[in-house]
Amino acid sequence: MNVYELRIAGVASDARLAAARWGLFVFREVRRVYRIGTTDHVAILYEGAQPDVRRWVAVLEQAGYAAEALEEAGSPLEAA
């Protein structure tokens, strides 16, 4: 399991986080999406060697969210 961080504007509310989370669950590799604190940063737990950040951001933007990567794609943090 790996983790990748994104900034998704507006997910400080639980309802908006839930909607964004379901948008990301269309990707089979995405297992969990957690908000980090009370911010607009989220941690995405996913299976596989590389995160598909461009596609994740594209789906979120199509759903009306402003999203951006917080890390360089291809350099995910490894979950303990």
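Which residue stands opposite His41 in β3? In this predicted model, in which local features need pLDDT of at least 70, side-chain atom pairs count only at pLDDT 80 or more, and totals for chains, interfaces and linings use all residues, that residue is Arg7. Residues are numbered from 1 along each chain as its sequence is written, and side-chain values use heavy atoms, with hydrogens and water left out.

Strand β3 spans residues 41-46; helices (H or I, at least four residues) and strands (E, at least two) are DSSP runs, numbered from the N terminus. Of the 6 residues of β3, 5 are buried, where buried means under 20% relative accessible area, exposed over 50%, and partly exposed in between (1.4 Å probe, protein chains only). Two strands are taken as paired if DSSP finds at least two bridges between them. Strand β1 (residues 2-8) runs antiparallel to β3 and is joined to it by 6 bridges. Strand β2 (residues 30-35) is also antiparallel to β3, with 5 bridges, and Val33 stands opposite Ile44 in β3. A hairpin is formed by β2 and β3, with 5 residues between them. Gly37, in the turn of this hairpin, has a positive phi of about 65°.

The loop between β3 and α2 contains Ala49. This residue is exposed, with a relative accessible area of 63%. Its C-alpha atom is separated by 7.9 Å from that of Asn2, although the two residues are 47 apart along the chain.

In helix α2 (residues 53-62), the buried residues include Val53, Trp56, Val57 and Leu60. These four lie on the same side of α2 because they cover an arc of only 95° around the axis, the arc being that of the directions from the helix axis to the C-beta atoms. Exposed Arg54 and Gln62 are carried on the face turned away from the buried side of α2. The buried residues of α2 pack against β1, α1 (14-24), β2, β3 and β4 (67-69), with contact meaning heavy atoms within 4.5 Å. Just after α2, Gly64 takes a positive phi of about 100°.

The structure holds 3 aromatic pairs. Rings of Phe, Tyr and Trp (its six-membered ring) pair if their centres lie within 6.5 Å; planes under 30 degrees apart count as stacked, over 60 as edge-to-face and the rest as tilted. Tyr4 and Trp56 form an edge-to-face pair, at 6.2 Å centre to centre and 75° between the planes. This pair links strand β1 to helix α2, its members being 52 residues apart. Tyr46 and Trp56 are likewise edge-to-face, at 5.6 Å and 70°. Tyr4, Tyr46 and Trp56 form one aromatic cluster.
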